[in-house]
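Please open the model in your viewer and keep the selection tool at hand. The stops below follow one another, each with something to select and a description of what is there.

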Amino acid sequence: MELIECIRRIPSLINQIINNNQHSYKKLNDYLEGKDIDELIFIASGTSMTASAVTKYFAYNKLNIKTAFIYPNLFLNSYEYINPKGLYIFISQGGSTKQVYEALCKVKQLSLHNISITENIDSPIALQADCSIEMGSVHEEFMYRTIGYSCTSTTCYLLELNFALIKNKISSIQFNEFVSDLQQVTLNLEVIRNNTLNWYENNRFSLLKRSKCLLAGTGYLYECSNEADIKIMEMVPMFARSFELEEFIHGPQNAFSDDIIFFILCDKENELEKIKSIKEFIRNEIGFCSVIGDSYFDDRDLCFKYMSKNFRSLEIITPFQVIAYCMARDRGRDLSRGVNVSVNKYIKKTL
């Protein structure tokens, strides 16, 4: 099979996660009974981090939930974030990320509240946690996580919704309205995927002749750009870096050149005029720039309508999953194999 088949499965898996939510809600409700929790603290790395961190805007702005997101290495060695009223949430798709496991052990030694989100609830991290929740990715065949990103984000959104409902921050009516909005995502992903495939064919030459990639976005789009740059570096592979939209022009512009692909993530509700100005600067003075989202400025842009109001991160990530796959395919990459796997001789990432 090819990795594009994984991308095609994402809508049905998101629906499965939504349909199975009652089971996850009961687990969380039973675990939280009698506990005074005032913050959700997520500990994860790589795609698990980018997939969870994108949900913080929804948690804070819509649910009034305080959140923190910490890399496990920072938690273990540089940034000991201890909140006795926090719920520590450990995320690892494979369930055996070494430092996530070590951070979980540290939290348990401190008798802090903790749960895990993993693909397999029989994995080491799931078994170590006080409460384990399935990610819903079933079994993703490729190490370059596309299903994992979308399922992790969906599971985190629902976890936050369940927590808000349990803590009476939202009503059951509001909960159901949010879930209905989440389901809108699944109706749009195939359309976005097909639009991206067509866009890629029209821009293939311009993309393949360049050697680096820079991305920019603001708010939740910045968090999405962080995942997009991971996918481009992992899969193509091509050096990529993401920036918050305003920071994109505070120094980085000095390194702009025509051998770079520029992607600007767009939600026209957020700083459209700034996006337009940056797009014009790059197009007129530098080279290839594509705005991806719900606005169109020229033929380089990939434009689509969002169907969800609150969960657009699950829509905007699809183009980058598809673009990374297509560029990897056209560069002759075998996505069933890693690159520079000899790193495992020097540092151990999993248990």
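Begin by selecting Asn168, which comes after helix α8 and has a positive phi, near 60°; helices (H or I, at least four residues) and strands (E, at least two) are DSSP runs numbered from the N terminus. Before going further, note that this is a predicted model, in which local features need pLDDT of at least 70 and side-chain atom pairs count only at pLDDT 80 or more, while totals for chains, interfaces and linings use all residues. Residues are numbered from 1 along each chain as its sequence is written, and side-chain values use heavy atoms, with hydrogens and water left out.

Asn168 sits in the loop between α8 and α9, and its positive phi occurs although the residue is not a glycine. With a relative accessibility of 69%, Asn168 counts as exposed, where exposed means over 50% relative accessible area, buried under 20% and partly exposed in between, computed with a 1.4 Å probe on protein chains only.

Next, select α8 itself. Its 20 residues reach 28 Å from the first C-alpha to the last, close to the 28 Å expected at 1.5 Å a residue, the expected span being 1.5 Å times one less than the number of residues. Because 20 of the 20 residues of α8 are buried, this helix is largely enclosed by the rest of the structure.

On the α8 side the contact (heavy atoms within 4.5 Å) is made by Tyr149, Ser150, Ser153, Thr154 and Tyr157, and on the α12 side by Ser313, Leu314, Ile317 and Gln321.

Now turn to the aromatic rings, of which a search of the whole structure finds 15 pairs. Rings of Phe, Tyr and Trp (its six-membered ring) pair if their centres lie within 6.5 Å, and planes under 30 degrees apart count as stacked, over 60 as edge-to-face and the rest as tilted. Select Phe58 and Phe178, whose ring centres are 5.2 Å apart with planes at 90°, so the pair is edge-to-face. This pair links distant parts of the chain, with Phe58 in helix α4 (residues 56-63) and Phe178 in helix α9 (residues 172-208), 120 residues apart. Phe58 is buried at a relative accessible area of 5%, and Phe178 is buried at 13%.

Move on to Phe243 and Phe248, where the ring centres are 5.8 Å apart and the planes stand at 40°, so the pair is tilted. Both Phe243 and Phe248 are buried, and together with Phe256, Phe262 and Phe281 they form one aromatic cluster.

Two backbone features close the tour. Select Val236 and Pro237, which are joined by a cis peptide bond with omega of about -15°; Pro237 lies in the loop between α10 (220-235) and β7 (239-244).
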